[in-house]
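This report describes one protein model. It begins with a single residue and then turns to the overall fold, the sheet and the charged side chains.

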Amino acid sequence: MAEVPHPTLLYTIKQVELVTRSHLDELVKPAGITALQYTALTVLRRRDGISSAQLARNSFVTAQSMADMVTALERRGLITRRRNPDNRRVLLLSLTEAGRDLLDTYEEAVRELEERMLSGLTPAQRRNLADYLNRCRAALSEIPPH
């Protein structure tokens, strides 16, 4: 009998991403936002004053999807847009106090979700996993997508 092939690592990574997003969507649903919106807000917490295009790249969505997301987040009062003084055509994004409060509200629950995901790993394995995933991301960042 032929051996059943194991799923590829790319498939496994995608499955982890999908189940993580599903859990995160459920977690932030009471706030009226999606996992993707939550991710965008966390990027802005780390990188205040970036453009929508930069936010899209850092949040793993298309520029068009980000444009819609920025509009929705701005309507909710979670972010603001201001003109870039160096290039008036570019709008820079920042979290509002309400955006920071929302992130603070969910910080512990998100940390618990991450802890649940990593619960079967030792501290050394967790560090190695983070290192390996960052190396994978860096390797693919050097190659433009086709």
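Leu9 has its place in helix α1. Helices (H or I, at least four residues) and strands (E, at least two) are DSSP runs, numbered from the N terminus. The model is predicted: local features need pLDDT of at least 70, side-chain atom pairs count only at pLDDT 80 or more, and totals for chains, interfaces and linings use all residues. Residues are numbered from 1 along each chain as its sequence is written, and side-chain values use heavy atoms, with hydrogens and water left out.

Leu9 counts as exposed because its relative accessibility is 63%. The classes are buried (under 20% relative accessible area), exposed (over 50%) and partly exposed (in between), with a 1.4 Å probe and protein chains only. Together with Ile13, Leu129 and Leu133, Leu9 makes a nonpolar surface patch of about 350 Å². Two or more residues of the nonpolar patch come from each of α1 (9-28) and α6 (123-141). Patches are made of residues with over 30% relative accessible area and no salt bridge; like charges are joined within 9 Å, and nonpolar side chains (Val, Leu, Ile, Met, Phe, Trp, Tyr) within 5 Å.

## Overall fold

The protein has six helices and three strands, arranged along the sequence as α-α-β-α-α-β-β-α-α. Its C-alpha atoms fill a box of roughly 65 × 35 × 30 Å along the principal axes.

Of the 146 residues, 26% count as buried. The protein exposes about 10,500 Å², of which carbon and sulfur atoms supply 57%; accessible areas come from the Shrake-Rupley method with a 1.4 Å probe, and for residues only the protein chains shown count as cover. Among contacts (heavy atoms within 4.5 Å) between residues at least 6 apart in sequence, 47% join residues at least 24 apart.

The three strands form an open sheet in the order β1-β3-β2, with antiparallel pairing. Two strands pair if DSSP finds at least two bridges between them. At the edges are β1 (50-51) and β2 (79-84), each pairing on one side only. Two bridges join β1 to β3 (residues 87-95) in the antiparallel sense, and Ser51 stands opposite Leu92 in β3.

Helix α4 (residues 63-75) packs on the sheet and touches β2 and β3, its direction making about 115° with that of β2. Axes are lines fitted to C-alpha atoms, for helices over the stretch in contact, and angles run from 0 to 180 degrees between N-to-C directions.

## A buried serine

Ser59 lies in helix α3 (residues 52-59) and is buried, with a relative accessible area of 2%. Leaving out residues up to four places away in sequence, Ser59 touches Thr39, Ala40, Val43 and Met66.

## Salt bridges

The structure holds nine salt bridges, each a side-chain nitrogen of Lys or Arg within 4 Å of a carboxyl oxygen of Asp or Glu. One of them joins Lys29 and Glu26 at 3.8 Å, N to O. Lys29 is exposed at 54% relative accessible area, and Glu26 counts as exposed at 52%.

In helix α5 (residues 97-118), Arg111 and Glu107 are four residues apart, which means a separation of about one helical turn; their side chains meet at 3.9 Å, N to O. Arg111 also meets Glu108 in a salt bridge at 3.4 Å, N to O. Glu108 and Arg111 are three residues apart in α5, about one turn of the helix. Elsewhere, salt bridges that share partners join Lys14, Glu17 and Arg21 into one network.
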